[in-house]
Amino acid sequence: MVLGITSSILLWYGLVKWTPFVAFNRLPDPLTVFLEWISTDPDYGVSIFTKDYYLHILYSTYRAIVAFLLALILGVPLGVMMGWKANFNAYAGALLDFLRPIPPLAWVPIAILVLPGDEPAVIFVTFLVAFFATTLNTLLGVRSIDPDFFRAAECLGAGPSDILRDIIVPGAMPTIFTGLQIAMGAAWFSLVAGEMIAAQYGLGFMILESYNLVQYPTIVIMMATLGMVGYASSAIIRHLGKRMVRWRQESTGLAQALNTQ
Amino acid sequence: MTKSGAISINAVQKIYDPENAAVHALENCTCEIPAGRFIAMVGPSGCGKSTLLNMIAGFDMPSKGTIQLDGKLLADPSTHTRPDSDRVVVFQNGALFPWKTVLENIAYGPIVQKKLTREHAENEALRLLRKAGNLERIANSFPGQISSGMQRRVEILRALINQPKVLLLDEPFRAMDTVSKSKMHQHLLDIHQRFQTTILLITHDLVEAILLADTVLVMTTRPGTIKLNIDVDLPRPRSNDMIVSEHFTKLQKQAIAAVHEEARKAFERGEKELA
């Protein structure tokens with residue numbers, strides 16, 4: 001990992017400093033970016049010592065989290081219902097199949113028109129992609145449950161609510177968490193685009209703003225920050241997922257080798 | 001306590017997909033299974049053994065005919081009772097809930113039926129595990145952590161804790177090696193002795209069928225019906241040595257002849273369908 005990162009930074013440095021292509025010469029080199037990033041008195045106004053830097057991170061993170069939680073609260077139950085009840089799927093599935101191919105950014109104008117202010121609009125488009133990813137993966141998760149588990153539960157006297165709690169939710173959990181990771185990634189993706197179009201704060205806004213103001217190092221700082229925040233958010237979900245499906249961890253590997261007789 | 005768990009199957013027919021290419025799974029299938037009997041069903045693949053078992057379990061209903069349990073209607077072409085804990089299925093590929101521990105799996109039935117509190121159910125589950133050969137040590141393992149033979153034993157215990165009238169076993173030992181299989185046979189014989197439950201076992205293994213069952217039902221190829229009813233008059237308790245006895249061999253020959261005839265028919269028809 002260290003080697004990969006080091007060599008790509010060297011490549012970046014080399015491209016900017018030594019290539020004959022003019023296009024690359026406009027880019028800031030890694031050293032300039034780094035020095036700007038940690039400067040107590042940054043040339044372009046944003047570094048780890050400025051309040052603005054954190055304000056942008058905070059805005060973006062706040063939007064991503066709100067959108068993600070909305071997707072979780074609405075997407076998981078919808079996906080469960082679609083996977084569980086064929087009738088429900090016939091209705092909701094058709095609608096979803098129609099809406100899903102519309103790129104999230106196409107919703108921006110409508111969202112701004114309908115929702116009060118820019119903030120809900122940005123959150124809405126962010127929510128939308130996360131919602132589709134969550135719903136579809138939950139649906140997939142429910143469908144992937146071995147039908148014998150449902151039958152076995154029925155044999156043992158389980159009613160619909162028992163089946164929901166004891167079969168569907170735990171059975172779909174691994175796939176739901178995969179979906180949530182995808183949802184989080186997709187959320188950041190469309191959040192940045194949304195912020196570029198309709199926001200006054202946030203990492204995406206700042207990237208475009210820095211471009212307009214010819215503050216190129218700031219663009220790279222914001223991009224790198226996005227990478228780190230995005231990675232951290234995925235890591236948190238992955239970690240939570242591992243804890244939630246502990247049975248899966250324990251059912252593989254060494255534990256199995258030791259316990260079989 | 002009067003013995004319960006008598007199943008009567010009356011002229012059952014099952015056709016899948018009646019509109020299109022109708023598949024005749026069962027035709028005029030009739031038999032009486034007395035309470036407490038150990039029945040083995042053998043026959044070529046696709047002869048409707050599982051279909052019959054599914055109808056008894058309550059997953060499906062017949063196109064014609066009726067199925068009764070202790071004189072009470074289980075299924076006819078217009079209704080089928082829901083699956084219930086009085087006839088529990090042990091599945092071909094195993095259906096222990098992988099996200100629940102062995103103990104939670106076994107205790108599941110009484111808890112969801114609200115027959116026992118969680119604490120009582122888990123105590124009962126532990127007692128069953130202990131009686132099944134000191135298996136308490138795996139109580140807190142997840143199913144994925146134990147061997148497939150163990151999984152089957154646990155799955156059978158999960159059924160038994162409900163004191164079912166009928167135990168429906170759908171080829172549960174198919175993917176097992178000979179040693180585990182013979183251990184499982186002893187285990188199952190022991191269970192049948194102790195609980196006096198009606199057991200319906202689907203299998204492809206004729207030795208297994210004869211060693212375990214009171215009656216071996218040989219089914220015909222599709223549309224499945226009962227071709228031959230072999231009464232296994234070997235004494236109980238049964239043991240593995242019986243396999244080499246003369247009488248066993250005689251029963252086995254009888255079963256082999258019947259099954260092979262059907263298997264050949266199925267094979268020939270298969271060729272015709274392909275041509």
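## A covered helix in chain B

Helix α1 of chain B, residues 49–57, is mostly covered, with 8 of its 9 residues buried. Here buried means under 20% relative accessible area, exposed means over 50%, and partly exposed lies in between (1.4 Å probe, protein chains only). Helices (H or I, at least four residues) and strands (E, at least two) are DSSP runs, numbered from the N terminus. The buried residues of α1(B) are K49(B), T51(B), L52(B), L53(B), N54(B), M55(B), I56(B) and A57(B). Just after α1(B) comes G58(B), whose phi is positive at about 100 degrees.

A word on the model before going further. This is a predicted model, in which local features need pLDDT of at least 70 and side-chain atom pairs count only at pLDDT 80 or more, while totals for chains, interfaces and linings use all residues. Residues are numbered from 1 along each chain as its sequence is written, chains are lettered from A and ligands numbered from 1 in the order in which they are written, and side-chain values use heavy atoms, with hydrogens and water left out.

## Helix α4 of chain B and its partner

Let us stay in chain B and look at α4. Helix α4(B) packs with helix α5(B), residues 178–195, at an angle of about 15 degrees, and their axes are 11 Å apart. Axes are lines fitted to C-alpha atoms, for helices over the stretch in contact, and angles run from 0 to 180 degrees between N-to-C directions. The two helices α4(B) and α5(B) are therefore roughly parallel; the cut-offs are under 35 degrees for roughly parallel, over 145 for roughly antiparallel, 65 to 115 for roughly perpendicular, and oblique for the rest. Their crossing is right-handed. A crossing is left-handed if the near helix is turned anticlockwise from the far one by less than a right angle, and right-handed if clockwise.

On the α4(B) side the contact (heavy atoms within 4.5 Å) is made by G149(B), R152(B), R153(B), I156(B) and L160(B), and on the α5(B) side by M184(B), H187(B), L188(B), I191(B) and F195(B). These residues divide into 6 nonpolar, 2 polar and 2 charged. Ala, Val, Leu, Ile, Met, Phe, Trp, Tyr, Cys and Pro count as nonpolar, Asp, Glu, Lys and Arg as charged, and the others, Gly among them, as polar.

Helix α4 of chain B, residues 148–160, also holds E155(B). This glutamate, E155(B), is buried, at a relative accessible area of 2%. Leaving aside residues up to four places away in sequence, E155(B) touches V89(B), V90(B), F91(B), G94(B), A95(B) and L96(B).

## A helix pair in chain A

In chain A, the axes of helix α5 (residues 86–99) and helix α7 (residues 118–143) come within 12 Å and cross at roughly 140 degrees. That makes α5(A) oblique to α7(A). The crossing of α5(A) and α7(A) is left-handed. From α5(A) the contact draws on N89(A), L96(A) and L99(A), and from α7(A) on F131(A), F132(A), T135(A), L136(A), L139(A) and R143(A). By class, the contact of α5(A) with α7(A) has 6 nonpolar, 2 polar and 1 charged residues.

## Aromatic residues

The structure holds 13 aromatic pairs over all chains. Rings of Phe, Tyr and Trp (its six-membered ring) pair if their centres lie within 6.5 Å; planes under 30 degrees apart count as stacked, over 60 as edge-to-face and the rest as tilted. One of the pairs is W107(A) with F124(A), edge-to-face at 6.0 Å centre to centre and 75 degrees between the planes. W107(A) sits in the loop between α5 and α6 (108–114) of chain A and F124(A) in helix α7 of chain A, so the pair ties together parts 17 residues apart in sequence. F124(A) is partly exposed, at 24% relative accessibility.

The rings of F131(A) and F132(A) have centres 5.8 Å apart and planes at 50 degrees, so this pair is tilted. F131(A) is buried at a relative accessible area of 12%, and F132(A) is buried at 8% relative accessibility. One aromatic cluster is formed by W107(A), F124(A), F127(A), F131(A) and F132(A).

## Backbone details in chain B

A cis peptide bond, with omega about -5 degrees, joins R222(B) and P223(B). P223(B) lies in the loop between β10 (215–219) and β11 (226–231) of chain B. The peptide bond from R236(B) to P237(B) is cis as well, with omega near 0 degrees, and P237(B) is in the loop between β11 and α7 (246–274) of chain B.

D70(B), not a glycine, has a positive phi of about 50 degrees. D70(B) lies in the loop between β4 (64–69) and β5 (72–76) of chain B and is partly exposed at 32% relative accessibility. K114(B), a residue other than glycine, has a positive phi near 60 degrees. K114(B) is found in the loop between α2 (102–112) and α3 (118–131) of chain B and is exposed, at 70% relative accessibility.
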